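Q: I would like a close look at a single part of this model, with the cut-offs behind each term stated.

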Amino acid sequence: MKSILTLTLLSLISFTAIAQHEDHANHQQEQHQHADHLETLILHYLEAKNALVHDNFVSAKEHLQKFLEEVHSSGEMNEHKEHAEKHADHHSEMLAAVQEAFDSEDIKALRSAFKKISGELITAVQNQGYEGKLFKQYCPMFEGGSSWLSTEEEVENPFFGQAMHSCGDSSELINKDSDES
């Protein structure tokens, strides 16, 4: 009888350990997928930002179309178990901002929508962390003050483009390992 109880107990312990290992592996996989999703969004965002710096409306919209496709297609944006309610609010705000950008008919409207996209993406990066180095930059003159992300500390303003190319400052370094943010 003792051996049956011992075997049952060992089986239960083994099953629990395996289940915990699988949960940990699934969590790591979800984190990796989330990081890939954020990396893709940042890549398209930075390309759109650079196009706006050079007053290139068509190129900015093309990159925001890719950004929009990632927002729509990613399970990370559509199913996030850990903080679903908060994520749903963020997701709907991001979708509205990107759709507004995509629907814009001139660069001024596109820049206004880009301000909203920037705000949502900055929040996501600050909340989730980011493996690379990003600078949060700020221009006090565009629509009462506007922030954006850049990989370079030197300011290249996407809201005024070539008209006021260097208006603003790098207000914060954002990355996962930074003590400065």
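Which residue in β2 is the bridge partner of K136?

A: The bridge partner of K136 in β2 is L149. This is a predicted model, in which local features need pLDDT of at least 70 and side-chain atom pairs count only at pLDDT 80 or more, while totals for chains, interfaces and linings use all residues. Residues are numbered from 1 along each chain as its sequence is written, and side-chain values use heavy atoms, with hydrogens and water left out.

β1 and β2 pair in the antiparallel sense over 5 bridges (strands are DSSP E runs of at least two residues and helices H or I runs of at least four, numbered from the N terminus; pairing needs at least two DSSP bridges). They belong to an open sheet of 3 strands in the order β2-β1-β3, with antiparallel pairing; β2 and β3 (169-174) are its edge strands, each pairing on one side only, and the twist from one strand to the next averages 30°. Across β1, β2 and β3 lies α5, which runs at about 60° to β2 (angles run from 0 to 180 degrees between N-to-C directions of axes fitted to C-alpha atoms, for helices over the stretch in contact).

L149 is also among the residues touching the most other members of the largest nonpolar core, which holds 35 residues (buried Ala, Val, Leu, Ile, Met, Phe, Trp, Tyr and Cys joined through side-chain atoms within 4.5 Å, buried being under 20% relative accessible area with a 1.4 Å probe, protein chains only). Both β1 (134-139) and β2 (146-150) supply at least two residues of this core, as does α5 (107-128). Leaving aside neighbours within four places in sequence, V125 is in contact (heavy atoms within 4.5 Å) with L149, and also with L38, I42, Y130, L134 and I174.

Key. Buried means under 20% relative accessible area, exposed over 50%, partly exposed in between (1.4 Å probe, protein chains only).
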